[in-house]
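Please keep the structure in view while reading.

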Amino acid sequence: ILPHLDAHDTDTAELWKLYLTFEQRQNSLSELHAVEDARNQHLQCTRVDKLLHSIDRFTFLDLSPVSKQYRDTLLQTQQQAAHRKKTQQLSTMQSIASHRSGGGGDRERTFEPYNMQQQQQQQ
């Protein structure tokens with residue numbers, strides 16, 4: 001049933017995590033890898049997402065297989081990628097709306113996400 005859930009829902013990612021924990025306790029390593037691959041494919045995980053999943057799986061209590069700085073860098077990269085994706089989606093939606101309304105005259109509105117990103121980088 002997990003592959004049929006909406007990949008963009010935050011609860012879906014949590015369900016996959018719980019299922020992986022269950023598989024980790026019940027099955028062999030090869031079966032666990034198969035479930036991880038299915039999760040990564042269904043949730044369209046990036047390389048950074050996969051690394052963070054591995055770090056999470058091999059962390060025990062406060063003992064991590066990598067330094068805190070490395071993990072924080074990966075988390076920051078993941079957040080920046082998510083922000084870029086949202087900005088691109090917004091830009092695409094504005095571009096489509098502009099073309100549908102016979103636009104072209106309001107170029108400032110079309111490039112608004114780019115201007116917002118420039119302002120954020122300056123701050």
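Which helix gives the most to the lining of the largest pocket? The answer is α4, with nine residues. The model is predicted, and the points below are grouped by topic.

**Largest pocket**

- The space in the largest pocket comes to about 1200 Å³.
- Its lining is made up of 33 residues, and the closest to the pocket centre are Ala13, Leu43, Asp49, His53 and Gln78.
- At least two lining residues come from each of α1, α2 (29-42), α3 (47-58) and α4 (68-100).
- By residue class, the lining of the largest pocket divides into eleven nonpolar, eleven polar and eleven charged residues.

**Aromatic pairing**

- The count of aromatic pairs is one.
- That pair is formed by Tyr19 and Phe22, with 6.5 Å from centre to centre and 25 degrees between the planes.
- The pair counts as stacked because its angle of 25 degrees falls under the 30 degrees set for that class.
- Both residues lie in helix α1 (residues 10-26), and because they are three residues apart there, about one helical turn separates Tyr19 from Phe22.

**Exposure of the paired residues**

- Tyr19 has a relative accessible area of 32%, so Tyr19 is partly exposed.
- Phe22 is also partly exposed, with a relative accessible area of 45%.

Terms used. Residues are numbered from 1 along each chain as its sequence is written. This is a predicted model: local features need pLDDT of at least 70, side-chain atom pairs count only at pLDDT 80 or more; totals for chains, interfaces and linings use all residues. Side-chain values use heavy atoms; hydrogens and water are left out. Rings of Phe, Tyr and Trp (its six-membered ring) pair if their centres lie within 6.5 Å; planes under 30 degrees apart count as stacked, over 60 as edge-to-face and the rest as tilted. Helices (H or I, at least four residues) and strands (E, at least two) are DSSP runs, numbered from the N terminus. Buried means under 20% relative accessible area, exposed over 50%, partly exposed in between (1.4 Å probe, protein chains only). On a 1 Å grid over the protein atoms alone, a cavity is a set of points where a 1.4 Å probe fits but cannot get out, and a pocket is an open set with protein on both sides within 12 Å along at least five of seven lines; lining residues have an atom within 4 Å of a point. Grid points are joined across faces, edges and corners, and a volume is the space filled by probe spheres set on the points. Ala, Val, Leu, Ile, Met, Phe, Trp, Tyr, Cys and Pro count as nonpolar, Asp, Glu, Lys and Arg as charged, and the others, Gly among them, as polar.
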